[in-house]
Amino acid sequence: MAFKLSLTSFHNFSISIDCTQKKFLKNPNLILPSLNTFGFCSIKVSNSSKVTASIARGALPHAVKEEKAQTIQTQVAEINPSSSKLVLVVGGTGGVGQLVVASLLNRNIKSRLLLRDPQKAEFLFGKQDENALKVCKGDTRNPDDLNPVIFEGVTHVICCTGTTAFPSKRWDGDNTPERVDWEGIRNLVSALPATLTRLILVSSVGVTKYNELPWSIMNLFGVLKFKKMGEDFVRSSGLPFTIIRPGRLTDGPYTSYDLNTLLKATAGQRRAVLVGQGDKLVGEVSRLVVAEACIQALDIDFTQGQIYEINSIEGEGPGSDPKRWKELFKAAQIQ
């Protein structure tokens, strides 16, 4: 993650970093103020810790010890939790998946894509440095495609695979709910390393009620039943997981846009977010909100092992503020 170091005197300096991914530090000398209007905060390191850095000649009136620079680098790495993440996105060319990838790149979080057609990645996201975004060819419907090399170093997985509930052109090539939402999830989860920090699975509201009206209509071709089977396999896998069940998806999908357009996507007036549990919510949700929920859940410890339903309503939402997302997830568990 890039940051700006501005020196004000020999005794003090401030660091501005993107606080969307900040975490608390154990160092009592670090003062963490709240976000400003631009989504950034200033972090001041007091001189009591005697932390200094090696600066270009003439920047300071006095020389400072070079070996102290490593201390600052370590503290900055602690501030930036994304530095140790490697997020594998499965289904990264779909409506939600594209927004997940764009947001990860915008946050400077190292990512990897598992795609049936790797050429789509450059079309959607432009030419990216492999250190930022590496693309691997593979099809979750085929277990032989899931080479262990794909998962080397992966710490987190966001799975956004899916297909249409009713027969359509997207079903061509055996792309049915059974093959994608059940067999694909089973194959993927079976291939993931036991060292995984978190698996985020995007599912759907109504999966526990697929035999009841009106959900039975949506489930005429089994989409909710197979999504529930995929959920159950994840829950029994022993892997740390969070399941996100969105309502009917709105906004996009942005299947013919580039990265710059994805980063400008908006949910319009429906930016407020409802989060619930127990498969009780009925409504719709912006794809932008679903993508943000997936990314936020990666770093919230208490979301592990939990299932959340999510909807969008008119009003001001949490945006990318981690504090507000924590409050939303926590409130859902208290209800």
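What follows is a chat about a few helices in this structure.

Student: Before we start, what kind of model is this, and how are residues numbered?

Tutor: This is a predicted model, where local features need pLDDT of at least 70, side-chain atom pairs count only at pLDDT 80 or more, and totals for chains, interfaces and linings use all residues. Residues are numbered from 1 along each chain as its sequence is written, and side-chain values use heavy atoms, with hydrogens and water left out.

Student: OK, α9. How many residues does it have, and what does it span?

Tutor: Helix α9 covers residues 322-334, which is 13 residues, and reaches 18 Å from first C-alpha to last, close to the 18 Å expected at 1.5 Å a residue. The expected span is 1.5 Å times one less than the number of residues. Helices here are DSSP runs (H or I, at least four residues), as are strands (E, at least two), numbered from the N terminus.

Student: Which residues of α9 are buried?

Tutor: Pro322, Trp325, Phe329 and Ala332. Buried means under 20% relative accessible area, exposed over 50%, and partly exposed in between, with a 1.4 Å probe and protein chains only.

Student: What covers the buried residues, then?

Tutor: The cover includes β10 (241-246), β12 (272-276), α8 (287-297) and β14 (306-313).

Student: Tell me about α8. Mostly covered or mostly open?

Tutor: Mostly covered: 10 of the 11 residues in α8 are buried. At the N-terminal end, Ser286 caps α8, with a side-chain oxygen 3.1 Å from the backbone nitrogen of Leu288. That is a polar contact, meaning a pair of N or O atoms within 3.5 Å; within protein, one must be able to donate a hydrogen and the other to accept it, and residues adjacent in sequence count only if both atoms are side-chain atoms.

Student: How do α8 and α9 cross?

Tutor: Their axes come within 10 Å and cross at roughly 90 degrees. α8 and α9 are therefore roughly perpendicular to each other, a label for angles of 65 to 115 degrees; under 35 is roughly parallel, over 145 roughly antiparallel, and the rest oblique. The axes are lines fitted to C-alpha atoms, for helices over the stretch in contact, and angles run from 0 to 180 degrees between N-to-C directions.

Student: Which residues meet there?

Tutor: Val289, Glu292, Ala293, Gln296 and Ala297 in α8 meet Pro322, Trp325 and Phe329 in α9. Contact means heavy atoms within 4.5 Å.

Student: Switching topic: how do α4 and α6 pack?

Tutor: Helix α4 (residues 177-191) and helix α6 (residues 223-236) pack at about 10 degrees, with axes 8 Å apart. That makes α4 roughly parallel to α6.

Student: What else do the buried residues of α6 pack against?

Tutor: Besides α4, they pack against β9 (198-202), α5 (215-218), β10 and β14.

Student: And what follows α6?

Tutor: Gly238 does, with a positive phi near 85 degrees.
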